[in-house]
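Okay everyone, let's get the model up on the screen.

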Amino acid sequence: MVNQSLNKIMNQMASHPPKGGLAFERRQSLRALSELDAFILLDDTLDSLNKQYLDAKVQRKELVALYGDDDAMASVAIDMEDSAWCAMQTRYIELRAERKIMAQAQAMMRRRERDMQEQETRILHRDKEKQARDLVNYLRILKVVKEKNRTPKVLELFAVLFFLDVDIFGNNVHKTSYDFQAMA
């Protein structure tokens, strides 16, 4: 039973050797901080205007999906979304003109980029360590399976001697001679 389970695991591992880590998938979730994102984090007014714009956008999509573009309520929702977008963009332009806030936003963006690189390095390091551990475990299992499935050399020698009917103890009880020409 244990041998069968071990053989099953071994066969699965042989057909699917250890692969790379999940670093690529994790990197997909990391995102750089845009200038607008940085300003939103720095300015409460822009943050509020951004939320109003996003809410108006969701409402517009819902109304258009329910009633179509030609509906009066959908038209009002489209206008509200445009208005919220313009208010947000106006505040964004005002903030870009202020050197102090612009410097803070750029510093925040650089810090985020550096943090992302450090996080990516940590993730890659962890993934490489996991790959190494997986490979060592894979090799250990291979070794155990080979040991379990290997016939000891001594038994192989006895099998050959038995097949040839050789008396290893020197008793000479009987010797069979094979006449290979007569067999053919």
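So, Trp85 is partly exposed, with a relative accessible area of 38%; buried would be under 20%, exposed over 50%, and partly exposed is in between, using a 1.4 Å probe and protein chains only. Quick caveat: this is a predicted model, where local features need pLDDT of at least 70, side-chain atom pairs count only at pLDDT 80 or more, and totals for chains, interfaces and linings use all residues. Residues are numbered from 1 along each chain as its sequence is written, and side-chain values use heavy atoms, with hydrogens and water left out.

How many aromatic pairs does a search of the whole structure find? Two. Rings of Phe, Tyr and Trp (its six-membered ring) pair if their centres lie within 6.5 Å; planes under 30 degrees apart are stacked, over 60 edge-to-face, and the rest tilted.

Phe39 and Tyr92 are edge-to-face, 5.6 Å centre to centre with 70° between the planes. Phe39 is buried, at 0% relative accessibility, and Tyr92 is buried too, at 15%.

Then there's Tyr53 with Trp85: a tilted pair, 5.1 Å centre to centre, 55° between the planes. Tyr53 is buried, with a relative accessible area of 11%.

Now look at Glu81, which counts as buried at 9% relative accessibility. Beyond its neighbours within four places in sequence, Glu81 is in contact with Tyr53, Ala56, Lys57 and Arg60, where contact means heavy atoms within 4.5 Å.
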